[in-house]
Amino acid sequence: MIKMQDIVKKYPNGIIAANRFNVDIQQGEFIYIVGPSGAGKSTFIKMVYREEKPTSGKILVNGIDLTTLKNSKVPFLRRNIGVVFQDFKLLPTLTVFENVAFALEVTEHRAKDIKNRVMDVLSMVGLKHKMRMLPSELSGGEQQRVSIARSIINKPKMIIADEPTGNLDPDTAWEIMSILEEINLNGTTVIMATHNKEIVNTIKHRVIAIENGRIVRDEQRGEYGYEN
Ligand code: ADP
Ligand code: ADP
């Protein structure tokens, strides 16, 4: 579902954040992207949902060639990709319910269907009872659970998470992982950039390690393999 062929990303300042990435990712995989700060993890992730365009090479996502995809078609690509960030990026003036409902593609839904769908995903992350609260009234872990609910509201084929546990204490980080695991067990591909060595070494999945813009390791059930 993702294929990168000789992907190079050179930023305008001359930094090469991706130096010939060659990667194949199948539907249903769970993948950790690891590596030191500044290695190119976020760049990898941003190229998948077309936040950044590669300088050269070919990238296919869900059968769509992102190198030739018109900007006007990017929303079609993103319909099938849920994105989760380290800092949650919830809308502060909207309630939990509204934050999730806002992300729903509304075209052919009736109000009742919207409500049911939002309640379903909020139940899945254990936050139905807090649906009327504002993000500021929630803990960090709860805010991340709202952002995960938002990311799956349109039943995407793939979730991309950039350091989703980076701002959370260890117990809360494990809770977030169990939700991502459950989403993955339902068949959704999960790609997660992380610095969390304990999680990577405990819940084993494929590991793609990046250093200095190069993929230095790509292993099934891999180890974290860095000091920090
Ligand atoms: P990581 O996510 O592993 O910390 P990034 O992909 O964010 O790494 O960054 C890789 C390299 O590219 C770093 O040297 C970073 O400073 C640089 N970089 C990232 N984004 C930009 C940008 N928009 N413009 C210029 N350089 C960037
Ligand atoms: P992360 O914590 O996810 O690795 P960064 O701190 O590397 O993120 O980057 C934060 C934002 O700043 C990103 O949008 C990235 O593209 C941009 N950025 C990172 N490094 C640079 C840089 N050297 N020049 C310009 N923009 C950058």
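In this predicted model, helices are DSSP runs of H or I with at least four residues, and they are numbered from the N terminus.

Q: Which helix gives the most residues to the shell around ligand 1?
A: The residues around ligand 1 include Gly 40, Lys 41, Ser 42 and Thr 43, and the helix that covers residues 41-48 is H1. With three residues in that shell, the helix that gives the most is H1.

Q: What share of the accessible area of ligand 1 does the protein bury?
A: Several polar atoms approach this ligand: a polar side-chain atom of Lys 41 lies 2.8 Å from an oxygen atom of ligand 1, and a polar backbone atom of Gly 40 is 3.0 Å from an oxygen atom of ligand 1. A nitrogen atom of ligand 1 also has a polar side-chain atom of Tyr 11 at 3.4 Å. Taken alone, ligand 1 exposes 560 Å², and the share of this that the protein buries is 67%.

Q: How many charged residues does the shell around ligand 1 have?
A: Among the residues around ligand 1 are Ile 15, Pro 36, Ser 37 and Lys 41. By class, the shell has five nonpolar and six polar residues, while the number of charged residues is one.

Q: What distance separates an oxygen atom of ligand 2 from an N or O atom in the side chain of Lys 46?
A: The protein covers 26% of the 550 Å² of accessible area that ligand 2 has on its own. In the side chain of Ser 42, an N or O atom is 3.0 Å from an oxygen atom of ligand 2, and for the side chain of Lys 46 the distance is 2.9 Å.

Q: Which strands are the edge strands of the open sheet?
A: Six strands form this sheet with mixed pairing, in the order S6-S7-S8-S3-S9-S10. An edge strand here pairs on one side only, and the two that do so are S6 and S10.

Q: Which residue in S8 stands opposite Ile 33?
A: Strand S3, residues 30-34, runs parallel to strand S8, residues 189-193, and four bridges join them. Opposite Ile 33 stands a residue of S8, namely Ala 193.

Methods
Residues are numbered from 1 along each chain as its sequence is written. Chains are lettered from A and ligands numbered from 1 in the order in which they are written. This is a predicted model: local features need pLDDT of at least 70, side-chain atom pairs count only at pLDDT 80 or more; totals for chains, interfaces and linings use all residues. Side-chain values use heavy atoms; hydrogens and water are left out. Two strands pair if DSSP finds at least two bridges between them. Contact means heavy atoms within 4.5 Å. Axes are lines fitted to C-alpha atoms, for helices over the stretch in contact, and angles run from 0 to 180 degrees between N-to-C directions. A polar contact is a pair of N or O atoms within 3.5 Å; within protein, one must be able to donate a hydrogen and the other to accept it, and residues adjacent in sequence count only if both atoms are side-chain atoms. Accessible areas come from the Shrake-Rupley method with a 1.4 Å probe; for residues, only the protein chains shown count as cover. A residue is near a molecule or strand if one of its heavy atoms lies within 4 Å of it. Ala, Val, Leu, Ile, Met, Phe, Trp, Tyr, Cys and Pro count as nonpolar, Asp, Glu, Lys and Arg as charged, and the others, Gly among them, as polar.
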